[in-house]
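Me: Please take a close look at the aromatic rings for me. I would like the cut-offs along with the geometry, all in one connected account.

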Amino acid sequence: MAPRESSHRQHRRRSSQHKRRRSHRPRVETTYSETSSQQLSADTLARLNILNEQGPRSPEITPKKTRRKKGETIDKKPVAEQSKKTHKRKKRRVVSGALLEEGDAKRLKGLRGGDVYDEKYDAQSQTKKKRLLIGIGVGIVVLIIIIVVAVVVSKKKKSGSSGSTSSSGSSSNSNLNGISESDIPTSAKGTYLDPFTWYDTTDFNVTYTNETVGDLPVMGLNSTWDDSVGANSNTPPISSAWGSYADTPVRGVNLGGWLSLEPFITPSLFNYDSDLGIIDEWTLTSHLGASGAQSTLEKHYATFVTEQTFIDIANAGLDHVRIPFSYWAVLTYSGDPYVFRTSWRYLLRGIEWARKHGLRINLDVHGLPGSQNGWNHSGRQGAIGWLNGTDGTLNAQRSLDLHDRLSKFFAQDRYKNIISFYGLANEPKMTALDVTAVLNWTANAYTLVRNNGMNAYVVFGDGFRGLTSWQGELQSYDGMVLDAHQYVIFNENQIDYNHTAKVSYACTGWTQQAEQSMDVATGFGPTMFAEWSQADTDCATNLNNVGWGNRWEGTYNSGNSSTDVLSPDCPTADSSCSCTDANADPSTYSDTYKQFLQMFAEAQMASFQKGWGWFYWTWTTESATQWSYQAGLAAGILPKLAYQPDFNCTATVPSFNGLPETY
């Protein structure tokens, strides 16, 4: 999400040449048959399956406790006697640790915390002496259990795993009851491969494996998946081809601020004294230190987005999800303060939850080594170090290395249906970079991921050059899609449009741009709009960087006189311009303001559907209602179902009489 450098463009009809081009997708559109039990890769997860099916091992002290498979029932036969000296009461409830101590780990397959068992005992064991021995034995076992539980709880507290996940916002680690810490190799303990250090293990496969694909871990994935679900009655199941995106455009949403932090989405994470200079993920993780950053960010990953998120997205009539993540999900370099690999695990789980609810994926690399735009959402605000500066070439190669790993991993059969779009670089700032260098890098990245078997559409950003600039560029590469992010509020000559003008511009100006870009004679061709919002001010806290103020009230102080806006820039351009109402609780919005906000959103939907569709920015925020699809639905300023808007630009735009132009 960034300022948009745009201009009005002439309306032109799409060429018949492009219509023919977009009507089919010879190689990229390939789909794979639905199955409920598919191979993750040729043999990557075979060993995981074997581990899950094996009986427990028998170490000297604590054998492995295997987890119950789906649908598995517990054998009700009596526990076999291990020796004539083993004595048990007729009926009792035991915990798994007790059964292990008694040498019968095989009975624990799938057990969570114990169960009831019936046993027959020798009548001769009912003497007082033997009851005394049993009492002593039970006491010892209980003491051992107390010690073991205390150690486990202590370790979980140290790793930050407590509570329970999902909608409650806490973590759940109940599936760890099926394994033992002794099953984790010493070399993996305390690393991202150690599930006992994970804040949350909900829906993760916690059986240890160090298997990789493309040098990226599969740890946490289950070996089966199901592509039979569609997002809603208007969309095909994931196992079937989507068809032409020009005919059936995307209606999607971003999960911004989740795996790549953005200060205006989660201002609570950046609520520090300004003197500390905490303005982005780099400075935040530097301040927190390795341990503090790990615990803080993993808790955020586990609670900011849950399975309920994907349920709600599908229920809103949306059909695709764009997931921004950054290079440190895959690798880090010397001097990087970022949390290494933790977000990778949550990315993979997010994809599986999307699959479960019929939502297709747009993978978006939001931050590249060195930063491709110098904005806070790339990880580090400031200078651009990608294809620019001392390490520009090095970071460009590192970015190719990143895509080499990612494309090998996501080329697996598991992902061929669900990943519709594969993004190379979010918002490269081509107004500040060498255009030829960016084009060459993009071509190299495209060739790399295609050679690695990636069949999704490959997405590249428009670089803020203007959509007409892309006519004739990169058009020979099959299956590429241009991505434009449209906002009026970051441009001085557009933020001051009144309410009617904003809706009208969305209906006319952006429609013209979409149609012009879709025509290969006047633009690139396939074009999507992967970021936009219904905000008509730039008032949200931290939207323009931490502490920079806003254009609306004239407090935008970037430290650069050429970009500063130090006088009010709302339509009235006077001291009455205020962010108070724009940032107010939506329950206080007037009916006319709500009418405007919904119409402004629906006008953009209609315009962007002239291309390959849209992704709203973003699903949820802590407090910025006009940037949250979830909050917009609750406030009644978005259509209840994305595919059933009330306004589509064919009706006359009203004047919104009585609505102040100061918010």
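Reply: Happy to, and let's start with charges over rings: a charge sits over a ring if NZ of Lys or CZ of Arg is within 6 Å of the ring centre and within 35 degrees of the ring normal. R398 meets this over the face of Y333, at 3.9 Å from the ring centre. Likewise, the charged end of R345 is placed over the ring of W198, 4.1 Å from its centre.

Before going on, please keep in mind that this is a predicted model, in which local features need pLDDT of at least 70 and side-chain atom pairs count only at pLDDT 80 or more, while totals for chains, interfaces and linings use all residues. Residues are numbered from 1 along each chain as its sequence is written, and side-chain values use heavy atoms, with hydrogens and water left out.

Now to rings that meet other rings. A pair of aromatic rings is described by the distance of the centres and the angle of the planes. Here, rings of Phe, Tyr and Trp (for Trp, its six-membered ring) pair if their centres lie within 6.5 Å; planes under 30 degrees apart count as stacked, over 60 as edge-to-face, and the rest as tilted. By that rule the structure holds 45 aromatic pairs. One of them joins W510 and F608: the ring centres are 5.6 Å apart and the planes stand at 40°, so this pair is tilted. W510 belongs to helix α11 (residues 499–518) and F608 to helix α12 (residues 591–608), so their contact ties together parts that are 98 residues apart in sequence. Helices (H or I, at least four residues) and strands (E, at least two) are DSSP runs, numbered from the N terminus.

Both partners are buried, a term that means under 20% relative accessible area, with exposed over 50% and partly exposed in between (1.4 Å probe, protein chains only). W510 has a relative accessible area of 1%, and F608 comes in at 0%.

Helix α12 also holds a pair of its own, F596 and F600, four residues apart, about one turn of the helix. Their rings are stacked, at 5.6 Å centre to centre with 10° between the planes. F596 is buried at 0% relative accessibility, and F600 is buried too, at 1%.
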